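I opened the model to look up a few things and kept short notes. The entries follow in the order in which I made them.

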Amino acid sequence: MSETKEMDLNRCNASRAFDPDGPAVILGDGASIFSCELAAIWRDLGRCVVLVTDNLPATPIEGVSVVDSRSFRRRGTRWMRAGNPVLRYLERTLPRLYIHRYQKRTGRMRPESWEWYWVDHFWDSFSRARAVLAQRPSFVFGNEASGYGLATALCRGVPRILMPWGGDIYNAVESSPVVNALTTYALKHVDLVMPGSAAAAEYIPGRFGVPAARVVSVSWGADLELFRPATPSERHEFCVQHGIPDTARIVLNSRRFNPLWGASEALEACLQVCSEDHSTWFVFFGGAGSEDHVALAKLRIKTAGMQNRFVFLEGDIPLAECARAMSVAEIFLSLLQRGDMRSWSVLQATAAGGIPVIADIPEHRHMQREGFAAELFNASEPSECAAAILRLLANPERMQSIREVNREFIVTHEDSRKQMNEMLNLIDSVRNRYADNATIR
């Protein structure tokens with residue numbers, strides 16, 4: 001069957017669900033900052049937004065309706081979700097059988113549990129799709145491919161947009177053939193795949209067999225009003241609050257404190273810098289779920305006798321507080337490697353005036369070709385990171401030059417308002433095709 005005929009058939013199967021004037025429906029994890037912030041941004045751009053989720057936000061999102069997809073589960077599926085011993089056995093066992101493949105393809109020793117977890121996602125996909133279609137949406141935007149991709153693909157008859165996050169398409173798919181099959185099916189059965197990475201847009205067609213015309217890269221950009229360099233008084237206030245001298249030079253690790261995201265290497269690099277440059281202080285984000293990692297890091301720092309020069313912002317802090325920390329940092333780090341996209345954190349910290357010392361990955365190379373300036377290095381080697389930080393601290397003229405170049409890059413390429421309007425325009429082009437087809441019928 002041709003792609004056009006298949007699309008028309010899908011539309012006919014659920015034509016009553018599509019309303020060209022209906023809400024924009026985001027399908028994803030309601031506890032994730034990405035789902036909640038995207039909903040808030042689209043609301044501010046004048047869209048009627050509904051968030052469909054089975055993991056509700058901790059706090060309401062003003063002006064955004066939240067629908068609990070668990071209320072759309074049908075009777076009789078509980079046993080299939082929770083009690084089926086065969087599926088649970090396969091879920092646990094397949095990653096062990098595929099461990100050598102996973103190691104070879106990802107360069108990591110073992111998958112995280114969320115990477116091979118699929119039974120609940122599979123059964124919940126049907127109730128999630130029913131919840132979406134009940135909203136009579138103008139389109140559905142699936143936020144993350146391995147968990148919410150199948151549900152997005154099942155929303156037949158409405159425009160289906162899917163945004164991979166990175167780890168889902170680079171790592172999770174290598175952990176289990178079932179995860180790979182479900183993710184591949186999802187990517188091939190939506191109308192538009194929208195990764196936030198140019199490198200991912202090149203990778204997806206070859207890896208998953210998705211037509212290149214259906215894969216378009218759009219990053220989220222950075223809010224240039226929220227993410228900006230601190231004024232002297234703002235910097236002083238932050239330093240007083242956290243016991244940092246006004247004269248200190250601040251290095252920030254811009255990612256959550258999780259070894260998966262390079263936190264261990266970042267810590268070791270900062271300890272090396274700490275011992276060689278006594279004017280530097282270091283700020284680390286914690287993040288929910290990082291408590292044990294942060295406790296071990298503090299013990300490591302105390303053993304090194306450097307505890308007075310490290311600040312941890314623990315737990316999930318508001319985005320405005322993240323922006324505040326970024327605004328005072330001369331240098332910021334991002335050491336996540338395989339699976340990273342055009343990181344929101346990297347763009348935000350750059351907009352806030354920090355100098356990027358970041359992993360040498362394909363996406364950062366793409367950004368360099370667009371005019372982005374950064375110190376790239378092998379993120380597996382803390383000594384390379386430390387050397388890059390020390391080189392920059394010794395050369396304030398180069399730091400200022402990088403800051404000016406990156407300001408131009410962010411304003412030209414990564415203004416979030418421009419990026420979000422581009423994203424919505426691309427989605428609207430798909431929505432308009434559906435509306436035209438419905439009019440013809």
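In which loop is R136 found? I find R136 in the loop between α7 and β4 (139-143); helices (H or I, at least four residues) and strands (E, at least two) are DSSP runs, numbered from the N terminus.

Ground rules. I note that this is a predicted model, in which local features need pLDDT of at least 70 and side-chain atom pairs count only at pLDDT 80 or more, while totals for chains, interfaces and linings use all residues. Residues are numbered from 1 along each chain as its sequence is written, and side-chain values use heavy atoms, with hydrogens and water left out.

Backbone entries. I looked up phi for R136 and got a value near 50°, which is positive in a residue other than glycine. Most residues other than glycine have a negative phi. R136 counts as partly exposed because its relative accessibility is 39%; the cut-offs are under 20% relative accessible area for buried, over 50% for exposed, and partly exposed in between (1.4 Å probe, protein chains only). E144 also has a positive phi, about 105°, although it is not a glycine. E144 is found in the loop between β4 and α8 (145-153). With a relative accessible area of 9%, E144 is buried.

Whole chain. I counted 20 helices and 12 strands in the secondary structure. The C-alpha atoms fill a box of roughly 70 × 45 × 40 Å along the principal axes. Buried residues make up 55% of the 441. The accessible surface comes to about 19200 Å², and 53% of this belongs to carbon and sulfur atoms; the areas come from the Shrake-Rupley method with a 1.4 Å probe, and for residues only the protein chains shown count as cover. Of the contacts (heavy atoms within 4.5 Å) between residues at least 6 apart in sequence, 71% join residues at least 24 apart.

Cores. Which residues touch the most other members of the largest nonpolar core? They are W42, F141, I244 and M423, in a core of 84 residues. Helix α20 (residues 416-440) supplies the largest share of this core, seven residues. A nonpolar core here is a set of buried Ala, Val, Leu, Ile, Met, Phe, Trp, Tyr and Cys residues joined through side-chain atoms within 4.5 Å. I then listed the contacts of M423, leaving aside neighbours within four places in sequence: L38, W42, F141, M194, V218 and W220. A second, separate core has 36 residues, including F257, F282, A388 and I389.

Salt bridges. My search of the whole structure gave 29 salt bridges, each a side-chain nitrogen of Lys or Arg within 4 Å of a carboxyl oxygen of Asp or Glu. Side chains of opposite charge can pair when their charged atoms come close. R88 and D120 meet at 2.7 Å, N to O. This pair links distant parts of the chain, with R88 in helix α4 (residues 85-97) and D120 in helix α7 (residues 119-133), 32 residues apart. Are R88 and D120 buried or exposed? Both are buried. R108 and E115 form a salt bridge at 2.9 Å, N to O, and both of these residues are buried. D316 and R256 pair at 3.1 Å, N to O. D316 sits in the loop between β9 (310-313) and α15 (319-327), and R256 in the loop between β7 (249-253) and α13 (263-276), 60 residues apart. R256 is partly exposed, at a relative accessible area of 32%. I also noted a network of salt bridges that links R101, R105, E174 and R207.

Histidines. H121 lies in helix α7 and counts as buried at 18% relative accessibility. Not counting residues up to four places away in sequence, H121 touches R128 and G147. H364 lies in helix α17 (residues 362-369) and counts as buried at 1% relative accessibility.
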